[in-house]
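Try each task before reading its solution.

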Amino acid sequence: MRAIAAIARKDLLVELRTKESVPAMALFAVTTFVIFHFGLDRDRLEGELAAGVLWVTLLFAAILGINRLFVAEREQGGFDGILMAPIERTSLLIAKAGALIVYLVALELIALPVFALFFIDQGFWDAVPRLAAVILLADLGLAVVGAMLASIAVHTRARDLLLPILLLPLTVPVVIAAAAATKPLLSVPLETSGVAKWVAVLALYDLVFGLLAYAVFDFLMED
Amino acid sequence: MIWCSAFWPTRYSTSSWRIDLESTLFGRGLKPLAVATTVLLATTLALVFFYAPNDADQGFIQKIFYIHVPLAIVALFGFVAAGVMGAMHLRTRDDSWDARSYVAIHMGVIFGVAVLATGAIWAKGSWGKWWVWDEPTLVSFLIVFLLYVTYYPLRYSIEDPQRRARYASVFAITAGAFVPINFIAVRLAENLVHPRVLNQTAGDMPGEMRLTFLVALAGIALLYVTLMKLELTSKNARRQLRRLRMLLEDERTGGAAPPPVATVPAKPV
């Protein structure tokens, strides 16, 4: 437990001082919204289109952060340090996933208001409590799968090329469920029916991949 | 030599597996298996064309179902089996399990190409479009296929053989667990617009159709097993050949102490 806290604290401190990941992710998200505005030629979005733009943007922005997740460990020998320390190796996974959740929440705190400002006319703030639940569950899934895949990709030759092509198919269920849960919330007028089912799917995904990552992570951290 | 001993580092640990393990890595039984596959597939084709009735709705085009659906079922089972083999590799550290897992995924991907092609043909014949997004099984299969295709770049961008085997196994397990989750999510997301023949397997498919389908399923499954065995055998033969060549090379140059002979018992293939 202390090891997890120490590693996560280290990561967040490094991020606070270098400001490497989150600002880039946020900038990427805002720019992508602008791209979507021109690409779709739409001033205002609602329902499924709004949900799609939001989740595609968040997912792609998340990839930026996930790609950087283990860079310091690789470049400065952090993996050896973790292996030599008398701690469970899984604590690295949990700490990294935790740090990634913090990054994602920080990203969303910036990206969501901008999204609302750019694209949503009315009723956005009524949807926020439920939307926050959907987003947090999706973040959890993205963080667990992202941390696991990042630790795989960082040990390969292809590294940042490999990560997106591994991550995107695996996170399709997250996008399906999160976008489907967001669609009624961003409809005019606001609906809530059908949200619960998709929240359950997200929770199931988080549970399965959380347990799976926990089970296999040891094998990624040998030698 | 390091490469060879890294790939086959241990003799199989438990004797109860030995027979089974060796027989899948060597050519024994390959011929009868191939003959059985050929007979069964020929029977399947005969049944499909001369025995099974034309579908009342879709007519003749529906007969592609007897190839398409078994291919898909076998490929998906192969993917899940590859996950189990990956888990066996992680548990036993026996690299032959990694080889099996690799070949299972490899064959699954090849079958997957056939599934997508036959699915597109069926969609064109039946609904007039090469691709439809409201067919959840097809869409799920595409996503699973896209995931498994990334197995190759992952595997080939790791140089250390042990790490490669371990990471490939972790991928196989993760992706194997992903298969059902993905099907649940996609199935929920689609409104079931089209009546699907697969649903009828449980219920009201006529007897002739069901028999044909089951024979086709058995034939395709046998084809998968035969191809898998064939590739494992040839991989193993190639590896042994390379090892012997290196041994010869060492002898000729009078190299250092000879490595242990026959990490894998040499047998006729």
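**Exercise 1. A helix pair in chain B**

Find which residues of α6(B) meet which residues of α8(B), then describe how the two helices are arranged.

Solution. Start with the contacts. On the α6(B) side they involve Pro136(B), Val139(B), Ser140(B), Ile143(B), Val144(B), Leu147(B) and Tyr148(B), and these meet Ala175(B), Phe178(B), Val179(B), Asn182(B), Phe183(B), Val186(B) and Arg187(B) in α8(B). Keep in mind that this is a predicted model.

Next, take the geometry. The axes of α6 (residues 136-149) and α8 (residues 161-189) of chain B come within 9 Å and cross at roughly 150 degrees. Angles over 145 degrees count as roughly antiparallel, so α6(B) is roughly antiparallel to α8(B). The crossing in which α6(B) passes α8(B) is right-handed.

Finally, sort the residues of this contact by type: 11 are nonpolar, 2 polar and 1 charged.

**Exercise 2. Chain B as a whole**

Work out how many helices and strands chain B has, and what percentage of its residues count as buried.

Solution. Chain B has 10 helices and 0 strands. Its pattern along the sequence therefore reads α-α-α-α-α-α-α-α-α-α. Of its 269 residues, 34% count as buried.

Now look at sequence separation. Among the contacts in chain B with a separation of 6 or more, 82% join residues 24 or more positions apart.

**Exercise 3. A glycine in chain B**

Is Gly78(B) buried or exposed? Find its partners too, leaving aside neighbours within four places in sequence.

Solution. Begin by locating Gly78(B) in helix α4 (residues 65-92) of chain B. Then count: 26 other C-beta atoms lie within 10 Å of Gly78(B). The cut-off for a buried residue is 20 or more, so Gly78(B) is buried.

With those sequence neighbours set aside, Gly78(B) is in contact with Ala104(B), Met107(B), Gly108(B), Phe111(B) and Tyr224(B). As a distance check, Gly78(B) and Val103(B) are 25 residues apart in sequence, and their C-alpha atoms are 9.5 Å apart in space.

**Exercise 4. An aspartate in chain A**

Solution. Asp218(A) sits in helix α10 of chain A. Not counting residues up to four places away in sequence, Asp218(A) touches Arg89(A) and Thr90(A). For Val102(A), 116 residues from Asp218(A) in sequence, the C-alpha to C-alpha distance is 24 Å.

**Exercise 5. Core and interface**

Identify the residues with the most contacts inside the largest nonpolar core, and the elements of chain A that give two or more residues to its side touching chain B.

Solution. First, the core: it has 133 residues, and Ala177(A) and Leu202(A) have the most contacts inside it. Helix α7 (residues 124-153) of chain A supplies the largest share, 17 residues. Leu202(A) touches Val134(A), Leu137(A), Ala138(A), Gly141(A), Val174(A), Ala177(A) and Ala178(A), with residues up to four places away in sequence not counted.

Second, the interface: 24 residues of chain A are in contact with 23 residues of chain B. The elements of chain A that give two or more residues to this side are α8 (162-170), α9 (172-185) and α10 (195-220). The most come from α10(A), with 7 residues. By type, the chain A side divides into 19 nonpolar, 2 polar and 3 charged residues.

Technical notes:
Residues numbered from 1 in each chain as written. Chains lettered and ligands numbered in written order. Predicted model: local features only at pLDDT ≥ 70, side-chain atom pairs only at ≥ 80, totals over all residues. Contact = placed C-beta atoms within 7 Å. Helix = DSSP H or I, 4+ residues; strand = E, 2+ residues; numbered from the N terminus. Nonpolar A, V, L, I, M, F, W, Y, C, P; charged D, E, K, R; others polar. Core = buried A, V, L, I, M, F, W, Y, C linked by C-beta atoms within 7 Å. Buried ≥ 20, exposed ≤ 12 C-beta atoms within 10 Å, placed from the backbone. Axes fitted to C-alpha atoms, helices over the stretch in contact; angles between N-to-C directions. Parallel < 35°, antiparallel > 145°, perpendicular 65-115°, else oblique. Left-handed = near helix turned anticlockwise from the far one by under 90°.
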